[in-house]
Amino acid sequence: MLSWDDPLGFNSGEQKQQPGAGDAAAPTNPVVIEQTLEAVQPGEPAAEKVVSANSAASMEPVHAEDKRVVNGLTDVNQLAPFKYPWAWEFFLNANKNHWTPLDINMTQDVQDYQHRLTPEQRHVYENVLAYLTTSDVLAMRNIGLAVMEKMTAPELQIYQARQVYEEALHTWTYQHCIETIGLDQGEIYNRYRVVPEINHKIQITNRRLHSILRADIDLTNRDELNNFVMSYMFFAAVFEGCWFYNGFSPIFALQRQGLMKGTAEQLQYIMRDEVLHCAFGIRVVKQIFAENSIALDPREIRQMWDESEAAETDYARYILPTPIIGYSAENHVEQFRHTANRRARQLGLEEPFPGARNALPWLDEQANLRKEKNFFETRVTEYQTGGALSWDY
Ligand SMILES: [Fe+2]
Ligand SMILES: [Fe+2]
């Protein structure tokens, strides 16, 4: 089964590859951050090193061990030998999930929306799509404009290039659903601007994105690097790892009632990608911990979880003022807390919501298309026929 915690089965290898203080165990007490990059000497501007590395010194071979996730000085145009072979594995596996929204039959969804959904179910469906489609544009911009350019190893950038494409594909998928169902696009695409509970989640993400979306950002500055790590951690662990993961579940709840199955299948393809996005982002953050002796302020981390929980709670109460069959706002919020604990454990942080229960035990199964027992071990050709997938419910 595809696991959110370790989708490529790297857990054991990860421990071997990244031993030491920085591995997963992000310190919870504030300490002075010290750059440990050997390539950047104290008092020596990083920019000057880059210039020399790209001129006379560029004729020297690149040694994989000299690569760094950020602030590296090796030639970013040289892919191999890999310093981070796991990143290449993410890229290879991402390329096994091929589909377009046109592959999936939406005919029954049109019937369901018009004749079978209750007003409460329509409210859920429309607002979930309105939130997700805005969020995926944000996701594309964050990786493509704010994160990818900071990476100084090409194997990391190449996976993120694929991720940028996938976020665009997800945006197309939502648009295809919205258009096929016949929703008013001008109205749906403006909901994040007029519905405070959707807008708040977008604004939180915008604020954290914009703090690192600056041409003059200098990651050799400890405060800037700290801020970048906090931003990327939020993006991978909360925005993708909790909000997206949880964001699909109301549609899956409809699917479990035999409703909107085409849309749900579309979301399952998206969810496969998001499993990898989340795991990759967390892995990159941990690698930055390992290479830079970073210690984050536990109050900032607590504030991140609390802010995210509050926004998710307001959102849940808006989309589910009353429960629909098999799903309630309480389920949604509890599942957020449960998922947040998982993301914190993956990062080596304390669980923010101890005791949160797995309110939707069926959700993990949704990361796996039911046709395949093990998605990543089946043949590529099987992923290219999304329309042929069948559902048991
Ligand atoms: Fe996405
Ligand atoms: Fe994503």
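Leaving aside neighbours within four places in sequence, which residues is Tyr232 in contact with? I looked this up first: Val147, Gly281, Val284 and Val285. Contact here means C-beta atoms, placed from the backbone, within 7 Å.

Housekeeping. I'm working on a predicted model, where local features need pLDDT of at least 70, side-chain atom pairs count only at pLDDT 80 or more, and totals for chains, interfaces and linings use all residues. Residues are numbered from 1 along each chain as its sequence is written, while chains are lettered from A and ligands numbered from 1 in the order in which they are written.

Overall fold. I get 14 helices and 0 strands in the chain, going by DSSP runs numbered from the N terminus (helices are H or I, at least four residues; strands are E, at least two). Of contacts between residues at least 6 apart in sequence, 78% join residues at least 24 apart. Buried residues come to 45% of the 393 in the chain; buried means 20 or more other C-beta atoms within 10 Å of the residue's own, placed from the backbone.

α5 against α10. I found these two packing at about 155°, axes 10 Å apart; axes are lines fitted to C-alpha atoms, for helices over the stretch in contact, and angles run from 0 to 180 degrees between N-to-C directions. α5 and α10 are therefore roughly antiparallel, the label for angles over 145 degrees. Tyr232 turns up again on the α10 side of this contact, and Val147 is one of the α5 residues. By class I have 13 nonpolar, 4 polar and 1 charged, with Ala, Val, Leu, Ile, Met, Phe, Trp, Tyr, Cys and Pro as nonpolar, Asp, Glu, Lys and Arg as charged, and the others, Gly among them, as polar.

α5 against α6. Helix α5 (residues 119-147) packs on helix α6 (residues 154-181) at about 160°, axes 9 Å apart. This pair is therefore roughly antiparallel too. Leu129, Met140 and Val147 are among the α5 residues that meet α6, whose side includes Val164, Tyr174 and Ile178. I noted 12 nonpolar, 7 polar and 2 charged residues in the contact of α5 with α6.

Definitions and conventions: Angles under 35 degrees count as roughly parallel, over 145 as roughly antiparallel, 65 to 115 as roughly perpendicular and the rest as oblique. Two residues are in contact if their C-beta atoms, placed from the backbone, lie within 7 Å. A residue is buried if 20 or more other C-beta atoms lie within 10 Å of its own, exposed if 12 or fewer, and partly exposed in between; C-beta atoms are placed from the backbone.
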